[in-house]
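Here is a short report on one structure.

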Amino acid sequence: MQKKYSWYSLLKAGLSGQDWDQAIPLVEPKSKYDVIIVGGGGHGLATAYYLAKECGITNIAVVEKGYIGGGNTARNTTIIRSNYLRDEASSLYEHSMKLWEGISEDLNFNVMFSQRGVYNLGHTLQDMRDIERRVNANVLNGVDAHVVTAKEIKEQIPIINTSQNTRYPIMGSSFQPRGGVARHDGVAWGFARAAAMLGVDIIQDCEVTGIEVEEGRVKGVNTTRGDIMADRIGCVSAGHSSVIAKMAGLRLPVESHPLQAFVSEAMKPVLHTVVMSNAVHGYISQSDKGDLVIGAGIDGYSSYAQRGASRIIEHSAAAILEMFPIFSRVRMNRQWGGIVDVCPDACPIISPTKVQGLYFNCGWGTGGFKATPGSGHVFAHTIAQDKQHPLAAPFHLDRFTTGALIDEHGAAGVAH
Amino acid sequence: MFLIHCPYCNEEREQEEFSPAGEAFIARPEAPEDLSDEGWADYVFYRTNHKGDHWEQWVHSNGCRKYFMVERSTITHEILKVAAFGADISE
């Protein structure tokens, strides 16, 4: 069993040659569990953690085809905010924000959550109207937000170009002071370690190849490491959700697309906050390591290839350079693409399905990282009680049949 | 980034000239008035999102502006077939 991290254990290990236990034990799958979580990303691990911690179910397996911290969880731009327009969405993301605020203590793992604030820039009069509307909606929903002018942005971020001599001059911005970033792979490791300490089996290098369904009830999964049985299965497999759904004979209203990001070489601190612009489409922050982390958009065609077109990166780089001309000679270090499952209304699906005992948490599209703890929390309660958590209720699969979509896509006017 | 052969222009051009237009073979319901809510959901929102060789639609938006069908691997992006609407794609 792993030990709790504390300054005392750090001191003791430091003096005795750093003899640490393995943070995430390597385990063999058992033949039967109470719950199986398919997908060992942040959301899946958080689901297992909250099932064990709050729902009294500890006989859980998380099956992951790669390794922990090797997927989208550790490949995103780590931005955390909850300034969504719609009541349903902002409630869910604010729930997550509140969990973020205590997550390092809760997990006994420093995820380096840093509330350095998030600016969402506006470049046109309509952008500014949308920003004011969204900020007002946020305030009504208890989410911290205010509108800032171009002059105030310039005072806070001296390197930003707020001149009128650009193609799309910055007119103002919304600002969420509680927004920020977290160390993304640390989030995966922290949830995995905390779940393992509560008795959850985290089974890496174990790909699900089939789902067994009998008379409309789920029975278990076939994997590359043998069959594993369970009456309840939660699928949290992001870009591959349609592939997993197909194994149970289901279709989903999602399409998979590559989403790219890139980072620069490390440099001294120059940008202390997060700046996002939907209009020119680029978002940027500087990691604690010193590299600039820049996010791009998705490619329009469906793909599972984990790479996107270079013109998408070029487009985002051009947007960043117009806002920050000082970065024109920064060299980029690496680039990657992850596969995201995009819903028609840009909101997730947290829902039971037609197959009894089979639940899906998917469709987070381009913006799932910020929701990691909240998503896991409401999904755990949904699985444990076979009834949607109240915050998850609007995100039922049925909304595509009833028409009760949550239109964040058009209305929020913000990049994810 | 890849090259696409436009069956109308009969030329291989850069992908940037084209825009993707979703999954192919999604037929508009023949009797919309009689269609159930589930039927509409399936037509409007639900997709195969296939991993592998996948038929989809593209439009030559910066060229002839016509729509056509492409069979492309969503794993490698390799284009296997290109066809105009109504063309025989059986072989």
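A residue is buried if 20 or more other C-beta atoms lie within 10 Å of its own, exposed if 12 or fewer, and partly exposed in between, with C-beta atoms placed from the backbone. Helices (H or I, at least four residues) and strands (E, at least two) are DSSP runs, numbered from the N terminus. This is a predicted model: local features need pLDDT of at least 70, side-chain atom pairs count only at pLDDT 80 or more, and totals for chains, interfaces and linings use all residues. Residues are numbered from 1 along each chain as its sequence is written, and chains are lettered from A and ligands numbered from 1 in the order in which they are written.

Start with α2(A). Eleven of its 13 residues are buried, so the rest of the structure largely encloses this helix. Among the buried ones are A:Leu45, A:Ala48 and A:Ala52. After α2(A) comes A:Gly56, with a positive phi near 70°.

Now the core. A nonpolar core is a set of buried Ala, Val, Leu, Ile, Met, Phe, Trp, Tyr and Cys residues joined through C-beta atoms within 7 Å. The largest one has 120 residues, and A:Ile36, A:Ile60 and A:Ala195 have the most contacts inside it. Helix α7 of chain A gives the most to this core, nine residues.

Finally, the chains meet. Two residues are in contact if their C-beta atoms, placed from the backbone, lie within 7 Å. By that rule, 20 residues of chain A touch 19 residues of chain B. Elements giving two or more residues to the chain A side are listed here.

| Element of chain A | Residues |
|---|---|
| α8 | 241-247 |
| β13 | 255-266 |
| α9 | 310-323 |
| α11 | 399-402 |
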